[in-house]
Amino acid sequence: MQTTSPPSLRSLSDYHVHTPLCRHATGWPTEFAERAVALGLDELGFADHNPMPEPFDDWRMLLEELPRYLEEVEKARAAYPQLAIRIGLECDYLERREGWIEKLAGMTKWDFFIGSVHYLNEGWEVDHPKYVGRHAGQAEEIWASYWRTYERCIRSGLFDFVAHPDLPKKFGFRPEGDLRRFYDGSITALAETGIAFEINTAGLRKDCRELYPAREFVQAAQQAGVPLLINSDSHAVDELGAGFAEAVALAKSCGYTATARFAAHKISFVPLP
Ligand SMILES: [Zn+2]
Ligand SMILES: [Zn+2]
């Protein structure tokens, strides 16, 4: 494991980090904080999958585990006081369940909420490996459904930024032609609401072998003045800050000069390295 501090990470934050409470990640907040300090990251943010009021699926914390989540992040803050540690949730946007996100927002002092679309309106997870067989030959329909919901997620006003914009490409299936036709509605929604998006480096580790989102999305977002974050979507300690050099290079080549931070839902900006 690399323990030196690459200069490219020094002014960066990583706000999309999971914990074992979601049942598909390893590494407790204190372990991530140790790694963040070793990497020289400026800020660390936790964003585990949001609990639901009822048993819902097998990849998120239960509601009664929320206090443990807050406690584990407090432990990391106490162990690494030199590191700014933010706390949020990666919230699944589900139509007609917006009231639940509002309730969650009032449960503690969050720094940020990430809005994600994993569930299509048709009721299945677009990124779940158990459904990979549904993608072949269906990319056009799946992308249309996904981006409709993604735009609603942005316009819900529930979130500080939205996650992994072109997630349906995860397994390598993409519709034919210029994909900007899918991005346009969401870019407009981001510009109109002032909500940010992330470049998520997890795509580099998936079959699509590409950052989320594609260059054309980043270019259009930059032209529309949409704020940007760079996050790893870590589900293990050694993924923290992974792929950040590629993400910074993409952001800069599209004209971005800064990344966004959040504290108590208030946005600020830090120049890109
Ligand atoms: Zn996850
Ligand atoms: Zn996600």
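**Entry 1: a helix pair**

In which helix do Lys75 and Glu72 both lie, and how many residues apart are they? I found both in helix α2 (residues 66-79), three residues apart, which is about one turn of the helix; helices here are DSSP runs of H or I with at least four residues, and strands are runs of E with at least two, numbered from the N terminus. I noted that this is a predicted model, in which local features need pLDDT of at least 70 and side-chain atom pairs count only at pLDDT 80 or more, while totals for chains, interfaces and linings use all residues. Residues are numbered from 1 along each chain as its sequence is written, chains are lettered from A and ligands numbered from 1 in the order in which they are written, and side-chain values use heavy atoms, with hydrogens and water left out.

The side chains of Lys75 and Glu72 meet in a salt bridge at 3.1 Å, N to O, the term meaning a side-chain nitrogen of Lys or Arg within 4 Å of a carboxyl oxygen of Asp or Glu.

**Entry 2: other salt bridges**

I read a count of 20 salt bridges by this rule. Asp42 and Arg261 form one of them at 3.3 Å, N to O; Asp42 lies in the loop between α1 and β2 and Arg261 in strand β8 (residues 258-263), so the pair ties together parts that are 219 residues apart in sequence. Asp42 is partly exposed at 36%, while Arg261 is buried at 7%.

**Entry 3: the zinc ion**

Which residues coordinate the zinc ion (ligand 1)? I found His24, His49 and His235, each through NE2, at 2.0 to 2.1 Å; donors are N, O and S atoms within 2.8 Å of the metal (3.2 Å for Na, K and Ca), and water is not among the atoms, so sites may look incomplete. His24 lies in the loop between β1 (13-17) and α1 (29-39) and His49 in strand β2 (residues 43-49), so this pair ties together parts 25 residues apart in sequence. The zinc ion (ligand 2) is 5.6 Å from the zinc ion (ligand 1).

**Entry 4: the core**

I then turned to the largest nonpolar core, which has 79 residues, a core being a set of buried Ala, Val, Leu, Ile, Met, Phe, Trp, Tyr and Cys residues joined through side-chain atoms within 4.5 Å. Helix α4 (residues 139-155) gives the most to this core, with eight residues.

Terms used
Buried < 20%, exposed > 50% of the residue type's maximum accessible area, 1.4 Å probe, protein only.
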